[in-house]
Amino acid sequence: MRSLIERLHREHTLAPDEFRILLSQCNDKDLSYINALAREVSHASFGNRIFIRGLIEVGNRCKNDCYYCGIRRSNHLIERYHLDEETILACCRHGYELGFRTFVLQGGEMNDDEMIIRTVSSIRKEFPDVAITLSLGEKETSVYERFFQAGANRYLLRHETHNELHYRKLHPETMSLSNRLRCLADLKRIGFQTGTGIMVGSPYQTIDNLIEDILYIENLQPEMIGIGPFLPHHDTPFAMMPSGSLNQTLLLLSIFRLMHPHALIPSTTALATLSPEGREKGILAGANVVMPNLSPVIQRSKYSLYDNKASLGAEAAEGLLLLEQRLKVIGYVIDKGRGDYNAY
Ligand code: SAM
């Protein structure tokens with residue numbers, strides 16, 4: 001196992017059968033070892049600095065019905081909300097004062113493209129120096145182009161799984177893996193710094209599925225990689241499914257860090273929700289980004305993708321001091337720069 005891990009470190013890839021061994025036979029000692037190597041690689045690229053992104057959850061209305069997601073269309077038990085342009089701008093002003101230089105606008109999928117284009121233009125005009133990241137799901141090519149022209153720089157769209165059969169177990173027939181992959185190809189071609197990724201331990205996920213995901217991501221070479229555990233939401237068809245495992249998430253974070261030394265990899269809110277020290281463990285496994293919540297406090301609980309989603313304390317933009325203290329304990333500091341992808 002050690003020699004496999006060392007070769008992954010040296011050569012940034014392995015054969016599918018070797019990934020299978022790594023994913024199925026990694027014990028606690030091996031995990032500590034790969035986490036330590038991934039941490040070294042992250043240090044070589046970013047030092048002990050962690051980039052922060054201000055996450056603005058712009059709305060929880062969604063036309064999709066993903067079986068895993070708490071804001072899916074068929075969940076009639078949540079209160080729906082939608083932030084208007086002025087409210088999003090107010091969040092950015094607050095974030096800018098706190099020192100954020102990247103804003104991430106994330107939300108359910110809606111036909112609100114014109115409002116988003118206006119909002120991105122306004123943010124770009126008022127804050128020429130920030131990075132604007134969008135995470136608004138699948139759109140037509142022309143819409144992505146207009147988002148980019150309006151001033152958006154980055155786009156996050158997890159592919160969720162690269163396997164057709166697994167994709168079908170997670171999504172209804174109205175959605176398709178081919179469209180999701182078309183979107184990711186578009187985003188890259190248009191010039192967005194593009195992020196993709198998966199939920200670790202999503203229902204019915206197999207080791208072979210994970211290998212396909214690793215190889216797809218290796219081929220895509222995204223600038224950002226979002227890896228977090230699946231967590232059940234009580235009002236979805238997957239309410240009774242088990243959460244993804246902490247160790248498997250930490251292993252995958254380290255694998256991706258060894259394969260993509262310069263990628264921007266968040267230690268996700270889902271990981272911080274799964275385990276009290278999840279955020280720190282993610283960083284110690286090679287992650288280099290955290291995304292504190294900058295949404296209006298009264299709306300936060302409505303963006304409930306999964307149960308008990310953390311949005312306060314060190315997960316909140318107003319908790320930056322607490323985050324700073326917690327990072328200090330593990331030897332890291334917050335970097336308030338834009339934190340663009342830098343391949344050298
Ligand atoms: N609609 C956009 C999209 O599909 O990319 C953005 C919003 S979507 C809620 C953002 C991400 O939340 C998804 O890519 C998914 O991986 C994650 N997510 C949704 N439900 C989840 C769950 N139950 N556990 C963990 N992550 C979840």
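1. Leu231 lies in the loop that joins strand S7 (224-229) to helix H10 (246-259). The model is a predicted one. Leu231 counts as buried because 24 other C-beta atoms lie within 10 Å, where 20 or more is the threshold for that label. Beyond its neighbours within four places in sequence, Leu231 contacts Ser243, Ala270, Thr273, Leu274, Tyr306 and Asp307.

2. Leu231 is one of three positions that UniProt lists under "binding site", together with Glu160 and Arg180. The entry is unreviewed, and annotations of this kind may be inferred rather than shown by experiment.

3. Arg180 sits in helix H8 (residues 177-190). Residues up to four places away in sequence aside, Arg180 touches Glu138 and His159.

4. Glu160 belongs to the loop between strand S5 (154-156) and helix H7 (164-170). Glu160 is buried, since 23 other C-beta atoms fall within 10 Å. The backbone of Glu160 deserves a look: phi is positive, about 75 degrees, although the residue is not a glycine.

5. His12 also has a positive phi, near 65 degrees, in a residue other than glycine. His12 is in the loop between helix H1 (2-11) and helix H2 (16-25). Is His12 buried, exposed or partly exposed? His12 is partly exposed, because 13 C-beta neighbours lie inside 10 Å, and that class falls between the limits of 12 or fewer for exposed and 20 or more for buried.

6. The ligand is surrounded by 19 residues. The closest are Cys69, Gly137, Arg158, Leu305 and Tyr306. Tyr306 is also among the contacts of Leu231. By class, the shell around the ligand comprises ten nonpolar, six polar and three charged residues.

7. Helix H8, which holds Arg180, also packs with helix H6 (residues 141-150): the two axes come within 10 Å and cross at roughly 35 degrees. The crossing of H6 and H8 is right-handed. H6 supplies Thr141, Tyr144, Glu145 and Phe148 to the contact, and H8 supplies Asp186, Leu187 and Ile190. The residues of this contact divide into four nonpolar, one polar and two charged.

Technical notes: Residues numbered from 1 in each chain as written. Predicted model: local features only at pLDDT ≥ 70, side-chain atom pairs only at ≥ 80, totals over all residues. Helix = DSSP H or I, 4+ residues; strand = E, 2+ residues; numbered from the N terminus. Contact = placed C-beta atoms within 7 Å. Near = placed C-beta within 6 Å. Nonpolar A, V, L, I, M, F, W, Y, C, P; charged D, E, K, R; others polar. Axes fitted to C-alpha atoms, helices over the stretch in contact; angles between N-to-C directions. Left-handed = near helix turned anticlockwise from the far one by under 90°.
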